[in-house]
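Here are my notes on this one, as numbered points. Have the model open while you read.

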Amino acid sequence: MKRALASLCAVAAVTGAVATGCGRGTDTGTRQDRPEPLTWQQELRVDDALQRLTRQCMNRQGFSFWEDRSLTLRESMPVRYVQDDVEWARTYGYGGRIDARQEQRRLHHPVVAYRESLSPARRAAFDRALDGGNGFQVLSAKLPGSGREVRKRLGGCTAEAEKALYGDPGAWFRASKTATGLNALYADDLRHDRRLTAAVAAWSRCLHEAGLSYPDPQAARDAIRENTARLGPAGADRAFATERTTAVADARCARSTSLRSVATARETSYLDRLPDRYGEALDTYRRLQRQAYDRAVRIVPQRA
């Protein structure tokens with residue numbers, strides 16, 4: 001599933017501790033003055049505001065542009081490595097049908113069809129309006145650990161929207177790439193952390209009692225994805241029934257074993273040990289996120 005984690009090594013990124021954890025270590029203990037992280041609902045509202053600002057800018061340039069708010073707030077919930085919302089799992093499984101629907105919308109998005117309907121000259125003008133054409137700015141950032149440089153082109157209405165929310169798109173790009181890449185610095189240690197592996201083992205035993213045999217949550221989701229692909233469209237209903245059964249058992253066991261809280265606590269302990277420069281980047285990331293959200297609430301309503 002697209003919203004699920006690829007491996008336990010990256011549990012830090014999906015348990016939500018980098019995005020929703022607390023604090024950074026100092027000589028006297030964990031800092032308590034770190035900016036509060038955004039919830040996934042708030043992050044979604046920022047994304048919606050970016051779309052709204054981009055559409056308004058494109059409209060001013062004489063082009064049509066469509067926002068994508070096709071999912072309800074409930075449907076938009078990200079499925080992370082530890083998913084313990086039993087009612088959501090009972091309704092949506094791991095979100096496989098939601099992902100499939102979104103993929104179809106991506107392939108047949110009205111913006112894509114509209115752009116293709118334009119003459120070559122108007123299409124070029126559309127691209128310039130959206131991303132700046134040859135007048136784009138190149139943003140760059142170095143990833144934690146590897147030091148590998150990543151770049152991003154930014155211009156036109158896309159740049160205008162980011163500037164309206166974040167103030168300095170370059171500062172946001174650098175901070176976000178650092179903050180969301182911090183798990184690379186301790187992922188291996190976290191994967192072998194005794195308290196975390198004990199919690200995962202407890203989850204696996206719980207699942208075994210429910211008649212399912214998987215070593216960790218990602219293995220369960222990988223198996224569901226493979227089963228859905230194997231059964232194909234003709235077996236879609238059977239595949240989804242299996243997906244829901246597994247997802248519900250997964251969520252119940254995650255809740256009964258407190259896997260989410262254990263994973264978050266253990267990841268926070270590794271975050272606390274990082275050098276100060278990474279804590280500062282995380283602070284900047286959260287501060288700019290909060291700034292963007294405070295502006296987004298004046299631009300778009302929360303999804304129903």
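1. The chain has 15 helices and 4 strands, taken as DSSP runs numbered from the N terminus (helices H or I, at least four residues; strands E, at least two). This is a predicted model: local features need pLDDT of at least 70, side-chain atom pairs count only at pLDDT 80 or more, and totals for chains, interfaces and linings use all residues. Residues are numbered from 1 along each chain as its sequence is written, and side-chain values use heavy atoms, with hydrogens and water left out.

2. Of the 304 residues in the chain, 50% are buried (under 20% relative accessible area, 1.4 Å probe, protein chains only).

3. Have a look at helix 8 (residues 156-166) and helix 15 (residues 276-296): their axes come within 7 Å and cross at roughly 100 degrees (lines fitted to C-alpha atoms over the stretch in contact; angles run from 0 to 180 degrees between N-to-C directions). Helix 8 and helix 15 are therefore roughly perpendicular (65 to 115 degrees). Helix 8 brings Lys163, Ala164, Leu165 and Tyr166 to the contact, and helix 15 brings Leu288, Gln291, Ala292, Arg295 and Ala296 (contact: heavy atoms within 4.5 Å).

4. The largest nonpolar core has 57 residues, and Val46, Leu165, Tyr166, Trp203, Leu207 and Leu259 touch the most other members (a core is a set of buried Ala, Val, Leu, Ile, Met, Phe, Trp, Tyr and Cys residues joined through side-chain atoms within 4.5 Å). Helix 15 supplies the largest share of this core, 7 residues.

5. Apart from that core lies another, of 11 residues, including Met58, Leu118, Phe126 and Ala129.

Key: Parallel < 35°, antiparallel > 145°, perpendicular 65-115°, else oblique.
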